[in-house]
Amino acid sequence: MAPSAPRTRAAAALHMKQIVLDSQDRTIRRLRAQLATQRRGLASTKKELKETQVALEASYKVIAGLTEIGLSMSKKIERMKVKKQLVRENHVECHQKFQARIHEAEDSMQAQHLLIEALVDEKDSLLQTIHGLQEANNAPAPFDGDWEEEQEEEPEEEEIEDIPLGEGEIDDE
């Protein structure tokens, strides 16, 4: 029996269609595998993106906190500079007042010294006058045995040295 041509052609056509379907089936499976791989990659990328966003938000919060701390520190530094300047000004003012008091004390001591010298001179003058009157009246000297002439001592002036303005400054370092 000879095979019939239409049957062979139909079988060949069916066979060709089967090959095409098998090929399409393999292509579909391959594309589905690629799609699944890409979906997993996309899910991984989405997860990484979410983690990056969380980290970025945390970084923004840290930056905001550090900025706030920096501003606070800047304000404190400015306040400390102002306070340091006030302390320096106060120190200069106190130094000047102290120097003025020292000069007043020196002037007062000088005036007292001059007054003492004048009193000593007046005492000497009075003693000479008394002595002269006693000699003129031939009267015995009332102070002959009891009187000792005080030796005139130069009062020692205490030197109060000026404190230079630069010494004793407060050093904030």
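Helices here are DSSP runs of H or I with at least four residues, numbered from the N terminus. This is a predicted model, so local features need pLDDT of at least 70 and side-chain atom pairs count only at pLDDT 80 or more, while totals for chains, interfaces and linings use all residues. Residues are numbered from 1 along each chain as its sequence is written, and side-chain values use heavy atoms, with hydrogens and water left out.

**View 1. Lys 97 pairs up with Glu 93 in helix H1.** The two sit 4 residues apart, about one turn of the helix. Their closest N and O atoms are 3.2 Å apart, which makes this a salt bridge (a side-chain nitrogen of Lys or Arg within 4 Å of a carboxyl oxygen of Asp or Glu).

**View 2. Asp 25 meets Arg 29 in another salt bridge.** Here the closest N and O atoms are 2.5 Å apart. Being 4 residues apart in helix H1, the pair is separated by about one helical turn. Asp 25 is partly exposed at 33%, and so is Arg 29 at 48%.

**View 3. Glu 78 bridges to Lys 81.** For this salt bridge, the closest N and O atoms are 4.0 Å apart. Glu 78 is partly exposed at 45%, whereas Lys 81 counts as exposed at 51%.

Technical notes. Buried means under 20% relative accessible area, exposed over 50%, partly exposed in between (1.4 Å probe, protein chains only).
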